[in-house]
Amino acid sequence: MKKIYIFKIVLFCILLCAGTLSTVIGQNQTVSDRENRELVNRPAWKVHKILKGTYQKKYEKFINDHFAKRDQWVSLATRMQTAMGKKEINGVYFGKDHYLLEKYQKSDFDFEQVNENVEILSDFLDQAVDEYGTEHVTCMMVPSKTTTLSQNLPKYASQYDPQKILKKLRKKTEASETILDLTQEMKEHKDEYIYYRTDHHWTTLGAYYAYHKWAEERGQATAYSREHYQRETVYQDFYGTTYNKVLAGGRKDQVELFHNEGDRSVHVSMDDGDVTADTMYFPEAAEQGFNRYQIFFSKNTFQVDVTTRKKKGRTLLLIKDSFANCFVPFLTEDYDRVIMIDYRYGKRSMGSILDEYEDITDVLVLFNVEKFMQNTKLGKMADFRRQKSKDEEMEEFRMEDFL
């Protein structure tokens, strides 16, 4: 028996050394497709960093990110922990009905940043209402899967409630009537397939319910029934970003499209015209890696211009995060154009965007609540200063008149 224990210890040490050695001398990735994040680079070797201990800490993170067969080890560790009855691993709850739910705690948020974001958004809404009128502006806040599907959480699971942030936003802005909290609407459909089991996004059905609520309450679009759309299931093998934090549990998700008269006749321009297409659906991008959700617009980028064949004289400015990607196809029957802006990927001022798109008639802000709270790049969103007005002032100034 003693020899068996010694053999196991020796085997473990050999595997550990072999894995570490292959990581040190091997070719390392820079991005994790599964985890949708950048991996830690190999730290530079410097004496003063070694003496301070910072080099060792960074190298430990590098080893953790690039350890050989890392995914298989993570999956094995998760399975062992869940077999022992653990219901929360790496910030993910293993919930009922094969749902993997993100765990949000108060410590996950920098409240100085949160307060700044509330200030920026409230300023933006006030200025947008002044520019376009209350009936043409909406701020739609999407609850997380964990908030909506709380009945699927394990017993005694703790979760931070973001509702107080929405109350703070309402108090801060003079345009509080523009804020549409979707929490109650989503909870009314909590027994339906409105969020992916293994991803943090809502499904296209969930986006439809939000669209219908917005159209009914705010009147900025037509509230079509579900029967209006031709539904197409394009994937049945989706394991999303939440699954890739634990690499175990969950069940394969389905990705569905809701076709209408408008979504098949569009022109899409991204990255200042570097990418163009006559569709909003990109199966090649969705099938390159694990992320089937990328069928909607293929990626997140700062600016996307969607032109339809409608002639209604209406253009929508959509300030968004990735939850809006499967929402936009519902808009193609009511707008000639949809301008999508994601401030996580760019820093242009709102004024310069309004200069570029003078045909804007409506504004919609669509954020997931928790992602909005964690966003660190909204700084230019409330900057409505027009560059053109400055240029026109310069043109009006003539030297001969001054002399």
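The points below go from the whole chain to particular elements.

1. The model is predicted. The protein has 403 residues, 48% of them counted as buried, and its secondary structure consists of 14 helices and 15 strands. Its accessible surface is about 21100 Å², with 50% belonging to carbon and sulfur atoms.

2. Among contacts in the protein with a separation of 6 or more, 71% are between residues 24 or more positions apart.

3. The largest nonpolar core holds 58 residues; Trp202, Trp214, Leu318, Phe327 and Leu331 touch the most other members. Helix H9 (residues 204-218) supplies the largest share of this core, eight residues. Apart from it there is another core, of 41 residues, including Val114, Val118, Leu317 and Phe367.

4. Eight strands form an open sheet with mixed pairing, in the order S7-S6-S15-S13-S14-S12-S10-S11. Strands S7 (179-181) and S11 (275-277) are at the edges with a single partner strand each, so one side of each has no neighbour in the sheet. From one strand to the next, the twist averages 15 degrees.

5. Within this sheet, S12 (residues 303-308) pairs with S14 (residues 337-341) in the antiparallel sense over five bridges. Val306 has Val338 of S14 as its bridge partner.

6. Helix H7 (residues 163-172) lies across S6 (137-142) and S7, at about 165 degrees to S7. H9 also packs on the sheet, where it touches S6, S7 and S15 (362-368), and its direction makes about 145 degrees with that of S6.

How values were computed. Residues are numbered from 1 along each chain as its sequence is written. This is a predicted model: local features need pLDDT of at least 70, side-chain atom pairs count only at pLDDT 80 or more; totals for chains, interfaces and linings use all residues. Side-chain values use heavy atoms; hydrogens and water are left out. Helices (H or I, at least four residues) and strands (E, at least two) are DSSP runs, numbered from the N terminus. Buried means under 20% relative accessible area, exposed over 50%, partly exposed in between (1.4 Å probe, protein chains only). Contact means heavy atoms within 4.5 Å. Accessible areas come from the Shrake-Rupley method with a 1.4 Å probe; for residues, only the protein chains shown count as cover. A nonpolar core is a set of buried Ala, Val, Leu, Ile, Met, Phe, Trp, Tyr and Cys residues joined through side-chain atoms within 4.5 Å. Two strands pair if DSSP finds at least two bridges between them. Axes are lines fitted to C-alpha atoms, for helices over the stretch in contact, and angles run from 0 to 180 degrees between N-to-C directions.
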